[in-house]
Amino acid sequence: MNTLLDLGAAKVKKVIVHHVGNKFRDEGVMLSDAESEHDATLDDLLLKFFLAPVVNSENEYLLNHESDINLNLIKHYSSLVFKDENEFVAASVAVAKHLYISSTHPNIGGGEFIEILYDGIRINDLEIQAIGLFKIEAKNSYLDIKNNHHAINIVEKKGISVDSIQKGAVVLSVDNTVFIVDNLGKKTKYWLDSFIKAIPKNTTKKYVQILGSVTKAIANKISLPQEHLNFSEALANEDILSINKLREISSPFIEKNNFDSIVDGIGVKSGLVVDADFSVEAQKLSKQVKQVISKTSISKGVNIVVTEPDLKISSIDVQDTEFGLRAIIDIKKEGV
Amino acid sequence: MSKQIDLKGLIPSGEELRILLNSHHISDGDINSTLKEKGVFCGNSDKIISVPLLTAMLLTSDEYAKIIDNSISRSSKPKNKISSLELVGADVDLNEPLKNLFSSKFNPFEDIPNIEVTKRPNPIFDKNNIVRIKYEIKRKDFSKDFLKREISFEGEVLVQKKGIDLKIEFLSTHTSKETETINQRISTAIAKELKNSGVVQSDIESKIIFSAFEEIERVRFFKRLTVGQGAFLTLDNVNEMVISREASTIPLPDDPQVSWMNQTVRHMTIDGDRLHSIFLISDEKYYQYYFIDNMILTYKYEFGTNTGQVKVAFFFSSSSRKKDFDRNSELTFEIIGIKNETNTTATVKKNLESDILEKVRILIKSEYEKIIKERNQESKVLESNEKSSKKKQKQPDLFVESKND
């Protein structure tokens, strides 16, 4: 299940900023020894443009460690702060050093590392805290106006854009849940893999994608049109879908090995160890299922697509002729 | 009329070939790769080993042409060096001393064998305190003897005074070894002339030479060139790093991580997407045991509406013909290729190249100055620690550094 957070009463409690360089270039770090000053206006921006986009991204992960979760540095230092807020500065210094040690790729830009302690976040009836970790790797140019008595001038300035988070993570004080956003990391990949160290969480959103991809891949493997129709019909009759359910309804049409390789491939692509029993309501998969049901392959490169919901292909008979092929298609109108 | 040699039918061998292969125009790599193509794999690329091997074989005319073409195309690519002089004041006149120098009997081509001057250096004075000294020579040596080709090489020394800076900046662009020597002579002569005219404090140019770095700093400096230059140049890729043990004076420690390099590695090319994670490159404690011989970086550039990629090589180069590594060799950079995202005119391309050269010059200079500043700060800390007490010296916190930008 996705974690549903209510940010309505969320507040910024503490903020600190350090400068973290690139370790490949031996740039070092500059550490603040005190919290940053912040007022209501800034707090609003830090809630609206830092906390909300990361949480609303629904990119939910679980903090991870190969042997013991408490050895995950983000988990360790976040837990210290959740237990005692006075540890905030010291813990943020340790996290900044950890970020520096993780910044070994030459394409990582040195920049400000912002740590924010939020409270007043609610999950159902439970009030929780969260720690936001944000790294600014590149500053954006913006234009400002300067009145020079005789002429009004345009001046170029550099600043932190609030429109898109470059790298952000929000660690919740419950479970080991962390929301992660990385809009710059295609090449460097350090934010998730070496700094935060997290694995994707099994969420409905992820399983909608996985089950949708598996369903499509199965449909592509079924070559006979009539079998495709039978698979579509079996699919349409299910209220709840899971990998195991898909295995069951596709078993008359594709080999077990084929099915397993489809699931393995999609699991690797999504970065998840696929849970075969994770169930999703078929309604949530309606878009993906609809695509499979509405499109029937008659022959290689020849598909028939039915877009009218009341119409349904009931049978297809494809025959080879001396000119090519002939297909006899029975389309049934529902309610008739 | 001179006899034309038909390259297609030329099969050079023996003594004739040995002299050519041993000349500085042909690199160790050219010989080694030709040997490899002929099925001879030689662990040591030193010419002492490889030249006799190749001389003992017959080269096809295609193989021979490839060696020569590689040498010519390498020599033809412009390579750049930077240096500077301290001015005595902001309001100085550069033009008069330079006019005097180039109207005198000054001859930077003296005693350089096998060249003919085709365009004499003629300073062009720009309004913005920029003086451009361009020239061209024709090489008459091996290439003419063997190919009957006339190969021209250009050289340029750009002298500029930027804004209120109390400095004169040189950007010397050479192609062949000969133009590298000529550039050096021109800038030395300019420095002397300016000193005699009382414009600069010293006639010794401040250059970035190999021995100006302390062992660890050199590798660090190269790695820092990946930082780019603001929004104009941002790193896209580290294509290649060639590390060398050649000039290292520090013996390898008894550490299995590096001791394997002892007498087995002279040059080693490291490339790939994750070269930063290789311990030799990532761990500072190994910096002292090698130096970066060549580093090729790709930057993304942005100049106005022009965007694209530029590939730049950084290395140390010397005009010295000494066989041993020249510790006075200067930091050099070469633009290997510029790929603009949209088609553009030749004029725009030329302007782009000069904008890129200027930004790379600023990048090199600022990163070098940063290294020197850090060294001075470190020695100040050490000095004050020594003075304040004779207690055991406390190691400075590695993580706390002042922001240098």
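This is a predicted model: local features need pLDDT of at least 70, side-chain atom pairs count only at pLDDT 80 or more; totals for chains, interfaces and linings use all residues.
What about contacts along the sequence? If you take contacts in chain B between residues at least 6 apart, 68% of those join residues at least 24 apart.

Now the inside. Which residues have the most contacts within the largest nonpolar core? They are B:Phe221, B:Leu225, B:Tyr290, B:Tyr299, B:Phe314, B:Phe333 and B:Ile364, and the core they belong to has 52 residues. Several elements of chain B give two or more residues to this core, including the helix α8 (215–224) and the strands β9 (291–303), β10 (306–317) and β11 (330–340). The largest share comes from α11(B), with eight residues.

Skip its neighbours within four places in sequence, and B:Phe333 still contacts a whole list, including B:Leu171, B:Val312, B:Phe314, B:Leu357, B:Val360 and B:Ile364.

Next, the aromatics. Over all chains, a search of the whole structure turns up 19 aromatic pairs. Take B:Phe102 and B:Phe106: the ring centres sit 5.9 Å apart and the planes are at 75°, so this pair is edge-to-face. Are these two buried or exposed? B:Phe102 counts as buried, because its relative accessibility is 18% and the cut-off is under 20%. B:Phe106, at 23%, counts as partly exposed.

Compare that with B:Tyr301 and B:Phe303. Their rings are 6.1 Å centre to centre with 35° between the planes, which is a tilted pair. Both partners are buried: B:Tyr301 has a relative accessible area of 2%, and B:Phe303 comes in at 10%.

B:Phe210, B:Phe213, B:Phe221, B:Phe222, B:Phe291, B:Phe316 and B:Tyr368 form one aromatic cluster.

Right, over to chain A and its helices. Helix α5 (residues 204–221) packs with helix α8 (residues 256–270) at an angle of about 145°, with the axes 10 Å apart. The crossing of α5(A) and α8(A) is right-handed. What meets what? On the α5(A) side you have A:Ile210, A:Ser213, A:Val214, A:Ala217, A:Ile218 and A:Lys221, and from α8(A) come A:Asn258, A:Phe259, A:Ile262, A:Val263, A:Ile266 and A:Ser270. By class, that's eight nonpolar residues, three polar and one charged.

Then there's α6 (residues 225–236) with α7 (residues 243–250), also in chain A. They pack at about 140°, axes 10 Å apart, and this crossing is right-handed as well. Here A:Phe231, A:Ala234 and A:Leu235 of α6(A) meet A:Leu246, A:Ile249 and A:Ser250 of α7(A). The count is five nonpolar, one polar and no charged residues.

One loop residue in chain A deserves a stop: A:Leu285, between β12 (280–281) and α9 (286–294). How accessible is it? A:Leu285 is buried, with a relative accessible area of 0%. Ignoring residues up to four places away in sequence, A:Leu285 touches A:Val208, A:Leu211, A:Gly212, A:Leu241 and A:Val280. A:Gln209 is 76 residues away from A:Leu285 in sequence, yet their C-alphas are 8.5 Å apart.

Last bit, the backbone. Most residues other than glycine have a negative phi. A:Asn124 is in the loop between β4 and β5 of chain A, while B:Asp111 is in the loop between α5 and β2 of chain B. Both are exposed, A:Asn124 at 67% relative accessibility and B:Asp111 at 69%.

Conventions. Residues are numbered from 1 along each chain as its sequence is written. Chains are lettered from A and ligands numbered from 1 in the order in which they are written. Side-chain values use heavy atoms; hydrogens and water are left out. Axes are lines fitted to C-alpha atoms, for helices over the stretch in contact, and angles run from 0 to 180 degrees between N-to-C directions. Helices (H or I, at least four residues) and strands (E, at least two) are DSSP runs, numbered from the N terminus. A crossing is left-handed if the near helix is turned anticlockwise from the far one by less than a right angle, and right-handed if clockwise. Contact means heavy atoms within 4.5 Å. Ala, Val, Leu, Ile, Met, Phe, Trp, Tyr, Cys and Pro count as nonpolar, Asp, Glu, Lys and Arg as charged, and the others, Gly among them, as polar. A nonpolar core is a set of buried Ala, Val, Leu, Ile, Met, Phe, Trp, Tyr and Cys residues joined through side-chain atoms within 4.5 Å. Buried means under 20% relative accessible area, exposed over 50%, partly exposed in between (1.4 Å probe, protein chains only). Rings of Phe, Tyr and Trp (its six-membered ring) pair if their centres lie within 6.5 Å; planes under 30 degrees apart count as stacked, over 60 as edge-to-face and the rest as tilted.
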